[in-house]
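Thanks for coming. I will show one structure and then go through a handful of its side-chain interactions.

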Amino acid sequence: QVQLMESGGGLVQPGGSLTLSCAASGSIFSIFRMGWYRQAPGKQRELIASIGSAGDTNYADSVKGRFTISRDNAKNTAYLQMNSLKSEDTAVYYCNAEIRAVLGRQRIPYWGQGTQVTVSS
């Protein structure tokens, strides 16, 4: 019974900042790659940032230089620091993590429930 819980979404003005958190809880043996996705109305869900267990990161071109993904392995938590927000960043943001719940079992992707980020004046 693994759960991912996002928090930190909300309404922010253009040019502002927000930090999202994604906490994994439950039966967890190890967490592999963690990622942040977003889905705007009428659009497909897209991967915008990911981080491996060793801290290696990847970003979509649309957020590179403005967003920073990080993780605290001791807390089973990933973060997404979002700066210089634009109206086109408005979307529901989802956390994803590959988790092995028990030693010897397969790693399985888990999703959070999503958190709304709205960038508007």
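I will take the disulfide, then the salt bridges, then one arginine and its rings, and finish with backbone angles.

Some ground rules. This is a predicted model, in which local features need pLDDT of at least 70 and side-chain atom pairs count only at pLDDT 80 or more, while totals for chains, interfaces and linings use all residues. Residues are numbered from 1 along each chain as its sequence is written, and side-chain values use heavy atoms, with hydrogens and water left out.

The disulfide, then. A disulfide here is a pair of cysteine sulfur atoms within 2.5 Å, and the count by that rule is one. Cys22 is joined to Cys95, with an S to S distance of 1.9 Å. Cys22 lies in strand E3 (residues 18–26) and Cys95 in strand E9 (residues 91–100), so the bond ties together parts 73 residues apart in sequence. Strands, labelled E, are DSSP runs of at least two residues, numbered from the N terminus. The torsion about the S-S bond is about -75°, so this disulfide is left-handed. Both Cys22 and Cys95 are buried. On that word: buried means under 20% relative accessible area, exposed means over 50%, and partly exposed is in between, with a 1.4 Å probe and protein chains only.

Next, salt bridges. Side chains of opposite charge can pair when their charged atoms come close. The rule used is a side-chain nitrogen of Lys or Arg within 4 Å of a carboxyl oxygen of Asp or Glu. Searching the whole structure gives six.

Take Arg33 and Asp56, whose side chains form a salt bridge at 2.9 Å, N to O. Arg33 sits in strand E4 and Asp56 in the loop between strand E5 (46–51) and strand E6 (57–59), so this pair ties together parts 23 residues apart in sequence. Arg33 is partly exposed at 26% relative accessibility, and Asp56 is partly exposed at 40%.

Another salt bridge runs between the side chains of Lys64 and Asp61, at 3.3 Å, N to O. Here Asp61 counts as exposed, at 66% relative accessibility. Arg107 and Glu98 also form a salt bridge, with their closest N and O atoms 3.3 Å apart. Arg107 is partly exposed at 41%, as is Glu98 at 27%.

There is also a network of salt bridges, linking Arg38, Glu46, Arg66 and Asp89. Let me stay with Arg38.

Is Arg38 buried or exposed? Arg38 has 6% relative accessibility and therefore counts as buried. Arg38 is in strand E4, residues 30–39. Which side chains does Arg38 meet in polar contacts? One is that of Asp89, at 2.9 Å, and another is that of Tyr93, at 3.0 Å. A polar contact is a pair of N or O atoms within 3.5 Å; within protein, one must be able to donate a hydrogen and the other to accept it, and residues adjacent in sequence count only if both atoms are side-chain atoms. Leaving aside neighbours within four places in sequence, the contacts of Arg38 include Arg45, Glu46, Ile48, Phe67, Asp89 and Tyr93. Contact means heavy atoms within 4.5 Å.

Arg45 brings us to the rings. A charge sits over a ring if NZ of Lys or CZ of Arg is within 6 Å of the ring centre and within 35 degrees of the ring normal. Arg45 lies over the face of Tyr94, at 3.7 Å from the ring centre. The charged end of Arg45 also sits over the ring of Trp111, 4.8 Å from its centre.

Tyr94 itself is in strand E9 and is buried, with a relative accessible area of 14%. With neighbours within four places in sequence set aside, Tyr94 is in contact with residues including Glu6, Trp36, Tyr37, Arg45 and Trp111. Tyr94 and Ile48 are 46 residues apart in sequence, and their C-alpha atoms are 10 Å apart in space.

Last, backbone angles. Asn76 has a positive phi, near 50°, in a residue other than glycine. Asn76 is in the loop between strand E7 (67–72) and strand E8 (77–82) and is partly exposed, at 25% relative accessible area. Ser84, also not a glycine, has a positive phi of about 50°. Ser84 lies in the loop between E8 and E9 and is partly exposed at 41%.

That is what I have; questions are welcome.

Key
Helices (H or I, at least four residues) and strands (E, at least two) are DSSP runs, numbered from the N terminus.
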